[in-house]
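Let's take a quick tour of two spots in this protein. Have the sequence and the 3D view handy as you read.

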Amino acid sequence: MRHRFLMLSFGALAGLAFYLLFEWLPDVVPHQASYLVLTTWALVFGIAALANAGPVSLARSVIGAGALATVMSLLMVSVYGRFGDLNAMFDTGHPIFAAIVIGFIALPFLSALAMARGSWRDYALLFNLAWGAVTRTIAACAFTGVFWGLLFLSNALLKLVGLDVIQDFIDTDGVPWVLSGAIMGIALALVFELEDYISPNLILRMLRLFLPMVLLVVLVFLVALPVRGLSNLFGHLSAAMILMGIAIVAIGLVSTALGQTQTEGVQQRAMKGMTQALAVAGACVAALAVYAVAIRVGQYGWTPERLAALTVACVTLAYGMVYTLAIAARGDWASRIRQANIRLALVVMATIAVWMTPLLNPQKIATNSQIARYQVGILPSELPLFEMQRDWGIVGRNGLEHLAELAQAADDTAVLSAIENAREAKTRYAFKQLQLKNEKPAIKAALSEFPQGSGGAEALLQALPRWELDILHRDCVLRDTANCVLITGVFQPGFTGLELLLIVPQGPKSARLTRYKIADGVANSSRGNTVMLDPDTLTALLEGEFRIAPSSANAIWVGDTEINPYN
């Protein structure tokens, strides 16, 4: 009973503290860095102390929570120094995610350290503490949700007879925060007292049921990959994220299958074999994720998101490689994986901590990478100028200043205009609209239109989607040798819309031809085919010395269907 009262009181105090932090403190502490320190410390301290109370006494839990809160506050202030603004910092999402991961991994280590010296190396204890904290938190959150549901229902019932006592009570400043904290605290105490009935074993055994399904899907993917080709895999960050997600799921399922000890892990020979196969297959998927991100970086340079993706992919690959080596060594491979999980968890925490310190500044790395890309001739449409201005903090804005100086020296009006748009726009959509507004007149001016005044260029610019306009701007405006021709004519008798042929020179003896059909304001394009022409013919074509006439080639007719062998 004493433990319940202590947890209820501590939860109520934590709720009151959170209320003061979010509702009162912002007006009292105007300096954002000070507010960030206080808020981070209080949040981490309150959550960690409540989550760890139970396996250890509340007093010892408070000590560990205070240490974790202090470290996290220092790390968050370090990240804040990159941005100088809290909104810009939290808009990236990275600091919050990093803090959650560090806190989740650190909690079982703190509990183990509070129990006995050296116990932080006991995998069975850490496993129980981690999954126990997850189970207690889920159950306590569910209990708190039920409490508020019953309270709202009770309030609605009393309102039927004209009584607003509950409504007036919960409308009092701070009451919802204090109530939620108190209920959460006593719920955590009750769940720990009933740990023999509410244990993580049910969750773990249910998760193991997914192992064969995930293994089958991963094996089918790996077998189909060389058959179907790699074109949809490499060069897309979304594909890399899918690969990383599957690899992380595989790692989690392997750990749950092995359990905390040999006796708690899977016992059937078939399940052991599938666990080994999933560990190896997960390593293969993680390796593909690393390669996919690396290809993307090679194409478009570094951004903080790509650096984060590569870091996660490399950590995932480290897990997969360690698991694979443990299995290859035979013997007691499961015990080796369990012990490796301890070291790998510490590596993950250290990696994230380094990310949050000046030792590794992803915004600086990304900014330098994009400036280097511009210096080797990358087009402005392929540079993340808006992100540098809005998302990459102080170093990103400084990098944009340097980029403007380089563009000014090179008299690069396109980049200067894009930089001004990035500074002016408040949202990414607004930036794209400003870019589009500037691009359309430039494209129209760059197109040699035949017949002149036919209106084909204007219709095309209105009908094309944004990504095709970017390509047109790149091919016909930004290239020094561009001399694009747009021909309006009747190329397919019977079509009632507008037909256009775009000719983009590819060199002294070749040009790319793209045919557009515009109907109801929508443009449909054929694949751009490259044709080889002698220089005189190409020059005459670009100067408008041509006529539109029927083709000299015969076609195959099947009923009313024409099959042209030259298409």
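What follows looks at one arginine and then at a set of paired strands.

Keep in mind that this is a predicted model.

Start with Arg 423, which sits in helix H18, spanning residues 413-424.

Who does Arg 423 touch? Leaving out residues up to four places away in sequence, the list is Gln 389, Arg 390, Leu 400, Glu 401 and Ala 404. With Glu 401 there's also a polar contact, side chain to side chain, at 3.3 Å. As for His 473, which lies 50 residues from Arg 423 along the chain, the two C-alpha atoms are 21 Å apart.

Now for the strands. Strand S3 (residues 498-507) is largely enclosed by the rest of the structure, because 7 of its 10 residues are buried.

| Pair | Bridges | Direction | Residues standing opposite |
|---|---|---|---|
| S2 (residues 485-488) and S3 | 4 bridges | antiparallel | Ile 487 and Leu 501 |
| S3 and S4 (residues 510-519) | 9 bridges | antiparallel | Glu 499 and Lys 517 |

S3 and S4 also make a hairpin, with 2 residues between them. If you're following side chains along a strand, remember that in a regular strand they alternate between the two faces of the sheet.

Technical notes: Residues are numbered from 1 along each chain as its sequence is written. This is a predicted model: local features need pLDDT of at least 70, side-chain atom pairs count only at pLDDT 80 or more; totals for chains, interfaces and linings use all residues. Side-chain values use heavy atoms; hydrogens and water are left out. Contact means heavy atoms within 4.5 Å. A polar contact is a pair of N or O atoms within 3.5 Å; within protein, one must be able to donate a hydrogen and the other to accept it, and residues adjacent in sequence count only if both atoms are side-chain atoms. Buried means under 20% relative accessible area, exposed over 50%, partly exposed in between (1.4 Å probe, protein chains only). Two strands pair if DSSP finds at least two bridges between them.
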